[in-house]
Amino acid sequence: MKLFHASAVNSGRQESELAVLAGLDHHALVQIHDAGIDVDEYGRSTRYLVMALVNGSDLHERLSRHPLTSRHIAEIGYDLAEALDYIHAHGVIHRDIKPSNILLVDYGDGSPRARAKLTDFGIAIAEDLERLTTDGTTTGTAGYLSPEQASGQPIGPASDVYSLGLVLLECFTRHLEFPGGVVESALARLSRDPVIPDDLPDYWQQLLAAMTARDPAARPVRHELVAVLKQVVIAESGKHKDEAMEPLFAPGEVHGEPVSRPASLDTLPDEALDRVTAMAARLFSAPISIVSVVDHDRVWFKSHYGDDVERIAREVDLTTIMLPQNDPVVIEDGMLDTRTSDSVLVTGPLGLRFYVSVPLKRSSGELIGTLGVMDFVPGEADEAEIENLKDLAALVVAQLELRQVGLRTTSDIAGTPGEALPLSR
């Protein structure tokens, strides 16, 4: 829980603003469970936010210990761009983007993928409401203020973009670009642009320069920023395709404390799922086939990639297209289908065009995931092919449930609790 000092601002306005914050729900935000105003026996009000507990460290702490790879920086930037896209669409400006307000989440699965969440909406405001501070008071952290914040001018979503640009720049340099107090730091950014290292690739130099432009109108906005950072992630993935990707966290360690490792699909029948996904890909002569299984708060993948796409496809977030559906989904040409025509998976470098999927369902009818096939050229799926894909989906579910039964039986014989698995209840 986070508490805020009492304010002389109208309580009705506070309640409206807190209601907006409490309604935010996005994978790249630390979830806000509740927000409100508590009034004590003397009539004094205190605003509060109740947020989810997240395992991991914040970006400031991480940078103080070890440098980040450019690919990790790109992934963090992409997550934060999605977070800003979402909150700005809901009329909220964060106003305090800085490394200590960015949490790097450790799911305990050993994944090298950087997962970032934006937190601390203590001074966020709804864009269409007045500021919570007295007129003329500057909020935010001095080293990361936008020029308009530093000069006390009205701010908009572009202010968050500027601050994020400074954060990403710091990820490379590991030092604050505009150090000092509020006045010294403000004067510096009003008189010069940030110094971007010459040894960064052109795409990083251009992006950071655009994000930290002194003119707010020159900075990338919402979907544009998300799309550009997605392309940077793909570019960084391709650049390091022959290198082993180092994990963001040391195995089994968060803040130096041991954590349990949750089960993942590598505890399930890999060989059987490999064969099923390969068969699904052959059925449509397509290069990509994926099984995704929804397990409470995350999605597990088992995939088949053709040799010519494996390296790049493994680094692309396909969760946006693999959402479970109760019925088969067929997209013959992603560029012409309104469901996907503006998706970065279609418009970006990956260039997906064809997609077909069927649901994974238990015998009880419970929807637990998806079996999907993708291609880079338009395609078709007739009724017989859909039925064959459904048969493969049934085999997937059967393999998952058989695996669970086997593990439970082993646990019963050993007299120990069963291993936690996706699909367990």
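**Exercise 1. Find which residues K98 touches beyond four places away in sequence, and decide whether K98 is buried or exposed.**

Step 1: list the contacts. Leaving out residues up to four places away in sequence, K98 touches T141, Y144 and V167. Contact means heavy atoms within 4.5 Å.

Step 2: note the basis. The model is predicted: local features need pLDDT of at least 70, side-chain atom pairs count only at pLDDT 80 or more, and totals for chains, interfaces and linings use all residues. Residues are numbered from 1 along each chain as its sequence is written, and side-chain values use heavy atoms, with hydrogens and water left out.

Step 3: Helices (H or I, at least four residues) and strands (E, at least two) are DSSP runs, numbered from the N terminus.

Step 4: Buried means under 20% relative accessible area, exposed over 50%, partly exposed in between (1.4 Å probe, protein chains only).

**Exercise 2. Work out where the buried residues of helix 7 lie around its axis.**

Step 1: pick them out. In helix 7 (residues 202-211), W204, L207, L208 and M211 are buried.

Step 2: look down the axis. The buried residues fall within an arc of 95°, so they line one face of helix 7. The arc is that of the directions from the helix axis to the C-beta atoms.

Step 3: recall the geometry. An α-helix has 3.6 residues a turn, so residues three or four places apart point the same way.

Step 4: check the other face. Turned away from the buried side are the exposed residues D202 and Q206.

**Exercise 3. Describe how helix 5 packs on helix 7.**

Step 1: take the geometry. Helix 5 (residues 157-173) and helix 7 pack at an angle of about 140°, with axes 8 Å apart. Axes are lines fitted to C-alpha atoms, for helices over the stretch in contact, and angles run from 0 to 180 degrees between N-to-C directions.

Step 2: name the contact. From helix 5, V161, Y162, L164, G165, L168, L169 and F172 meet W204, L208 and M211 of helix 7.

Step 3: sort by class. This contact has nine nonpolar, one polar and no charged residues. Ala, Val, Leu, Ile, Met, Phe, Trp, Tyr, Cys and Pro count as nonpolar, Asp, Glu, Lys and Arg as charged, and the others, Gly among them, as polar.
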